[in-house]
Amino acid sequence: MESLPIATPRTLRPVIGSVTLSLIVAFYLVFVTNMTFWSKAVEYLGAPSTALLLLGIGLFSLFAAICVTASVKYLTKPFFILLIMIAAASARFMDTFGTIIDVDMIRNAAQTTNSEAGHLLTSGFLTHMFLFGIVPSLLIVLVRIKHRPFPQKFKHNIVLILCLLAVFTSVGIANIRTFAATLRQHRDLVATLNPAAPIFNAVRYVVATGAEKNIVVQPIGTDARVIAPMQSGKPRVTIVVAGETARAENFSLGGYDRETNPLLARQDIQYFTNTSSCGTATAVSLPCMFSVYTRANYTHRKGLSTENLVDVLSRAGIKTEWWENNTGSKGIADRIAYTSFSDINDPRFCKNNECIDDVALDGLGAWLDGVKGDSVLVIHQQGSHGPAYYLRYPEKFRRFTPDCRTAELGSCSRQEVVNAYDNSLLYTDYILSSVIDMLKAREDKMAGSMIYMSDHGESLGERGLYLHGAPYFIAPSQQTQIPFVLWTGKETKAGIDQACQQATLNDPRSHDNLFHTVLGLMNVSTKVYEPALDALASCRPRTGS
């Protein structure tokens with residue numbers, strides 16, 4: 001009696017043709033992992049509309065052509081799984097936070113810390129990745145792909161790819177006016193095409209990073225010197241607080257209806273009401289605000305290849321230090337004294353290498369008491385870093401409740417998110433006011449000043465956006481309008497026409513002003529100093545104090 005063939009795990013696995021699988025994967029990528037893209041397309045093209053239908057047909061044809069091209073034996077599964085995992089991760093951030101994954105966003109992610117990244121790896125993220133990334137990938141692993149013999153496969157696939165590309169081209173030509181006009185007016189549409197845009201920008205980032213390896217930093221301000229000491233003989237001391245994620249819209253100093261700045265309001269400070277950032281993410285804004293370049297002229301490469309404010313100050317003989325309580329100085333402090341609070345991880349203020357900003361106040365008094373000559377200290381805050389706003393302030397600053405007590409913002413109401421964010425600003429108000437108080441307490445020993453500028457703002461649900469990092473050309477004001485606070489001690493203030501200065505507080509200001517305003521406060525003379533960009537120059541004598 002003839003024996004029956006024995007079923008094996010291999011023969012039990014379902015079989016699918018390589019072209020069929022390619023079409024399924026293309027459909028999944030275009031129509032399942034592109035919710036943000038299609039929501040924008042519906043808004044811009046209208047629904048139902050012929051243009052929207054043709055766009056769907058065209059994109060499916062293009063993605064299918066790419067997938068069929070890659071459906072080569074031994075490459076098909078790894079390639080499709082990689083596309084699906086990238087698309088799933090990108091979709092999570094685009095759909096949940098309104099994030100656009102451009103080069104600057106990728107750079108920001110690449111420079112993040114483990115603690116910061118951990119706040120984004122929430123249960124919601126893991127669930128999303130399991131459902132939309134791992135499950136489809138496991139299905140691809142499970143099936144057996146049937147490939148035609150190579151000569152036959154090559155001819156068949158070439159014909160199919162050409163047909164698909166012909167459909168894509170025909171659709172584009174048939175509606176070229178509508179598509180061209182839409183893309184001109186709404187550049188964010190293509191920027192959210194998943195996973196094409198994230199992959200393209202990741203390649204751009206890798207290429208740019210490779211080209212930056214051999215950059216040699218060029219000196220600036222080689223003629224820098226302090227023009228003259230204070231008449232009293234006291235050292236000039238300026239503390240620059242580089243804020244994190246504070247948006248001007250929620251500063252009560254600028255008219256916000258909640259009292260988020262009660263302590264600063266009692267200080268003799270100047271608040272510039274119309275200040276914009278250089279970028280919408282720390283990796284861009286922080287080096288830009290300390291650079292000699294204006295936002296119009298700044299590029300990431302220029303920032304890396306040119307010395308910055310702290311270098312010029314040091315060259316002028318001013319003791320310059322950087323205290324880090326965030327994700328690093330982005331190369332700014334590479335050539336000066338540098339302290340990282342997360343590395344010290346003081347258990348009084350820190351947990352898992354993340355510290356509240358009281359950690360800087362703890363050592364500030366001793367640092368000020370040790371000042372011997374002109375000095376500048378930069379404190380890079382933790383500030384209002386999201387999405388875990390609730391971790392940025394101690395319990396006693398929970399004034400606005402109920403506040404969102406998780407990094408999973410989708411599980412909180414928008415008001416709870418705003419409450420947590422406002423509490424973080426309330427804590428920043430305390431930090432800044434405390435810095436001022438420490439400087440005031442030592443006015444018999446030094447001529448002190450404090451400048452506070454945030455690196456960028458934050459979206460809290462407006463227009464469906466959360467967090468920050470939107471490309472500047474589409475970024476809402478919540479991400480680009482920042483608080484700018486200045487306090488000057490009695491001796492420094494005496495050299496400034498106060499009525500004149502008050503009249504300038506509503507003038508447009510930006511990160512462009514930081515470099516030159518600090519040089520002006522420290523009375524540094526150098527060819528790279530531009531009085532027009534010094535926020536105080538127009539209201540004080542050009543000579544030293």
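C412 is buried (under 20% relative accessible area, with exposed over 50% and partly exposed in between, for a 1.4 Å probe and protein chains only), at a relative accessible area of 16%. A disulfide (a pair of cysteine sulfur atoms within 2.5 Å) joins C412 to C404, with an S to S distance of 2.1 Å. This is a predicted model, in which local features need pLDDT of at least 70, side-chain atom pairs count only at pLDDT 80 or more, and totals for chains, interfaces and linings use all residues. Residues are numbered from 1 along each chain as its sequence is written, and side-chain values use heavy atoms, with hydrogens and water left out.

**Disulfides**
- The count comes to 4 disulfides.
- The torsion about the S-S bond of C404 and C412 is about 75°, so this disulfide is right-handed.
- C404 is buried, with a relative accessible area of 3%.
- C350 and C355 are also joined, with sulfur atoms 2.1 Å apart, and both residues are buried.
- C500 and C539 form a disulfide with an S to S distance of 1.9 Å; the link is left-handed, with -70° about the S-S bond.
- C500 counts as partly exposed at 23% relative accessibility, whereas C539 counts as buried at 5%.

- C67 is buried at 1% relative accessibility, while C163 is partly exposed at 45%.
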